[in-house]
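The following report describes a protein fold, moving from strand pairing to the core and then to individual residues.

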Amino acid sequence: TCVAKNEEGYSARSDLEVSVMDPPDLIPLTFGREIMDEGSFAQASCIAVKGDEPMVISWTFHGGKISSELGISTTPIGSRGSMLLIPSVGYQHNGRFTCTAKNPAGVKSVTTLLMVNVPPRWTVEPTDKQFAQGSDAKVDC
């Protein structure tokens with residue numbers, strides 16, 4: 001109960017309820033391996049082990065929104081988690097993924113680095129060439 005009085009003796013009272021909310025707390029984020037081979041399946045789970053609801057969980061890649069064009073999907077895990085899935089990892093997935101949990105009491109983010117091992121490829125495949133002896137030669141490689 002809260003009571004307010006003024007100099008003339010008038011008073012007002014009211015009952016109120018105070019609730020203390022906990023901000024989110026997230027477990028460390030990982031893809032399970034430091035380096036993933038191209039074509040591998042990758043999954044990371046973002047779980048809020050503490051924090052009051054309602055809670056919103058979102059993902060970013062290099063600080064920007066994740067687009068379906070990258071072949072990445074996210075799926076809620078109940079009201080306190082989210083799973084990020086990459087069915088076939090490629091060079092375009094190399095980088096920092098961040099999960100953010102937000103509720104009225106605060107915001108918490110965790111980040112992990114996905115490194116992708118991509119085999120070498122020819123940008124210009126060399127072909128057999130013939131040159132005259134003593135002339136300048138150029139071979140694309």
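## Strand pairing, core and local geometry

Strand 10 is joined to strand 11 by a hairpin that runs through two residues. In this predicted model, strand 10 and strand 11 pair in the antiparallel sense over nine bridges, and within that pairing asparagine 103 has glycine 106 of strand 11 as its bridge partner. Strand 10 also pairs with strand 6, the two running antiparallel and being joined by six bridges; here valine 56 has lysine 102 in strand 10 as its bridge partner. Seven of the nine residues of strand 10 are buried, so this strand is largely enclosed by the rest of the structure.

These pairings belong to an open sheet of five strands, whose order is 4-11-10-6-7 and whose pairing is mixed. Its edge strands are strand 4 (35–37) and strand 7 (64–65), each of which pairs on one side only. Strand 7 is held to strand 6 by two bridges in the antiparallel sense, with threonine 60 standing opposite lysine 65 of strand 7.

There is also an open sheet of four strands, with the order 3-5-9-8 and antiparallel pairing. Strand 3 (25–26) and strand 8 are the edge strands of this sheet, and each pairs on one side only. Strand 5 and strand 9 pair over six bridges in the antiparallel sense, and alanine 42 stands opposite isoleucine 86 of strand 9.

| Strand pair | Sense | Bridges |
|---|---|---|
| Strand 10 and strand 11 | antiparallel | nine bridges |
| Strand 6 and strand 10 | antiparallel | six bridges |
| Strand 5 and strand 9 | antiparallel | six bridges |
| Strand 6 and strand 7 | antiparallel | two bridges |

Which residues have the most contacts inside the largest nonpolar core? They are Ile86 and Phe97, in a core of 22 residues. Strand 5, strand 6, strand 9, strand 10 (95–103) and strand 11 (106–117) each supply at least two residues of this core, and strand 5 gives the most, with four residues. When residues up to four places away in sequence are not counted, phenylalanine 97 touches a set of residues that includes Leu29, Phe31, Phe61, Ile66, Ile72, Leu84, Ile86, Val110 and Leu114, and the threonines Thr60, Thr111 and Thr112 are also among them. In soluble globular proteins, nonpolar side chains tend to be buried together.

Leucine 16 is found in the loop between strand 2 (11–14) and strand 3; its relative accessible area is 55%, and since the cut-off for exposed is over 50%, leucine 16 counts as exposed.

The count of salt bridges comes to one. It is formed by glutamate 53 and arginine 80, whose closest N and O atoms are 3.3 Å apart. The pair links distant parts of the chain, 27 residues apart, with glutamate 53 in the loop between strand 5 (42–50) and strand 6 (56–61) and arginine 80 in the loop between strand 8 (73–77) and strand 9 (81–86). Glutamate 53 counts as partly exposed at 42% relative accessibility, and arginine 80 likewise counts as partly exposed, at 25%.

Glutamate 53 also takes part in a cis peptide bond, which joins it to proline 54 with omega about 10°; proline 54 is placed in the loop between strand 5 and strand 6. A further backbone feature is found at histidine 62, where phi is near 55°, a positive value in a residue other than glycine. Histidine 62 lies in the loop between strand 6 and strand 7, and it counts as exposed at 53% relative accessibility. For context, most residues other than glycine have a negative phi, and most peptide bonds are trans.

Threonine 74, in strand 8, is partly exposed, with a relative accessible area of 41%. Leaving aside neighbours within four places in sequence, threonine 74 is in contact with Trp59, Ser82, Met83 and Leu84. Threonine 74 and serine 45 are 29 residues apart in sequence, and their C-alpha atoms are 9.5 Å apart in space.

Key
Residues numbered from 1 in each chain as written. Predicted model: local features only at pLDDT ≥ 70, side-chain atom pairs only at ≥ 80, totals over all residues. Heavy atoms only, no water. Salt bridge = Lys/Arg side-chain N within 4 Å of Asp/Glu carboxyl O. Buried < 20%, exposed > 50% of the residue type's maximum accessible area, 1.4 Å probe, protein only. Core = buried A, V, L, I, M, F, W, Y, C linked by side-chain atoms within 4.5 Å. Contact = heavy atoms within 4.5 Å. Pairing = 2+ DSSP bridges.
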